[in-house]
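Me: I am new to this structure and would like to go through it in short questions. Please show it first.

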Amino acid sequence: MLNLQLTDKLALRERARQNVDNGAVTEGYSADREEVIRLLNESLATELVCTLRYKRHYFMATGLKASVAADEFLEHAQQEAEHADRLAERIVQLGGEPEFNPDKLSALSHAEYKAGKNLKEMVYEDLVAERIAIDSYREIVQYIGDKDPTTRRIFEDILAQEEEHADDMADILKDLP
Ligand SMILES: [Fe+2]
Ligand SMILES: [Fe+2]
C-alpha cells in the first residue's frame, strides 16, 4: 500500500490560519457546502416531522391500549428528535442556519405527516416514512462520498437507525389483524 502523503506541515499550519472565521470549515473542505447544508436542512425537517408523527401515534396508541406499539412509537419519537439535533448541530458547524420554522417544515421534509385513522394505518404510515428516509439518506451518503466524512458519518449512523425503525414497524404490522 502507498504511504499517505499529508500536505506538508508548514502548508497545513498556514492554511489553518486562513479564514479562521469559518470555524470547522477549513480550506481543505471539498464538498459543496451550500448544497450539503440544504440536504441537512431537508433531513432536519424530515426528522422533525417524523418526531411529531410518532408523538401523535404514541398518544393515540396509548388511548387504544396498544402498549407494544405505543412503546415503539415513543422510542422512535425520541430517537428522531436526537437525529434532528445531530443534523442541526452539523448545519451550524458548517456555517449554516438550521430551519425550525414550522410553516416551512412539511414542504422541506422528505416524508409526510400522516395522522392515521387506526393503529394499523399509523404503523403503515410510519413504515412508509422510514422507507422514504432510508432511501433519501442512502442517496445523500452516496452524494457526499469522501468529500465530507463527518456529515457522511452522521447520515450513516442515522440511516442505520432508520433501518431498525422500519424493521420494528414491519414486525408490528405483521402481527396486526
Ligand atoms: Fe430519524
Ligand atoms: Fe426513523
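This is a predicted model: local features need pLDDT of at least 70, side-chain atom pairs count only at pLDDT 80 or more; totals for chains, interfaces and linings use all residues.

Me: Which protein donors hold the iron ion (ligand 1), and how are the donor residues spaced in sequence?
Reply: Donors are N, O and S atoms within 2.8 Å of the metal (3.2 Å for Na, K and Ca); water is not among the atoms, so sites may look incomplete. For the iron ion (ligand 1) they are Glu47 (OE), Glu47 (OE), Glu80 (OE), His83 (ND1) and Glu162 (OE), at 1.9 to 2.5 Å. Along the chain, the spacing of these donor residues is E-x32-E-x2-H-x78-E.

Me: Which helices hold glutamate 80 and glutamate 162, and how many residues apart are they?
Reply: Helices are DSSP runs (H or I, at least four residues), numbered from the N terminus. Both residues donate to the iron ion (ligand 1). The pair links distant parts of the chain, with glutamate 80 in helix α3 (residues 67-93) and glutamate 162 in helix α6 (residues 149-175), 82 residues apart.

Me: Which residues coordinate the iron ion (ligand 2), and how far from the iron ion (ligand 1) does it lie?
Reply: The iron ion (ligand 2) has Glu80 (OE), Glu130 (OE), Glu130 (OE), Glu162 (OE) and His165 (ND1) as donors, at 2.0 to 2.3 Å. Their spacing along the chain is E-x49-E-x31-E-x2-H. Glutamate 80 bridges the two iron ions, and the distance between them is 3.9 Å.

Me: Is glutamate 130 buried or exposed?
Reply: Buried means under 20% relative accessible area, exposed over 50%, and partly exposed in between (1.4 Å probe, protein chains only). Glutamate 130 has 1% relative accessibility, and therefore counts as buried.

Me: Where does glycine 116 lie, and which residues does it touch?
Reply: Glycine 116 is in the loop between α4 (102-108) and α5 (119-144). Its relative accessibility is 17%, so glycine 116 counts as buried. Leaving out residues up to four places away in sequence, and taking contact as heavy atoms within 4.5 Å, glycine 116 touches Arg56, His57, Glu121 and Met122.

Me: Why is helix α2 called roughly parallel to α6?
Reply: Two packed helices are described by the angle between their axes and the distance between the axes. Axes are lines fitted to C-alpha atoms, for helices over the stretch in contact, and angles run from 0 to 180 degrees between N-to-C directions; under 35 degrees counts as roughly parallel, over 145 as roughly antiparallel, 65 to 115 as roughly perpendicular and the rest as oblique. Helix α2 (residues 33-63) and α6 pack with their axes 13 Å apart, at an angle of about 30 degrees. That angle makes α2 and α6 roughly parallel.

Me: How is α2 oriented to α3?
Reply: The axes of α2 and α3 come within 8 Å and cross at roughly 160 degrees. That makes the two helices roughly antiparallel.

Key: Residues are numbered from 1 along each chain as its sequence is written. Chains are lettered from A and ligands numbered from 1 in the order in which they are written. Side-chain values use heavy atoms; hydrogens and water are left out.
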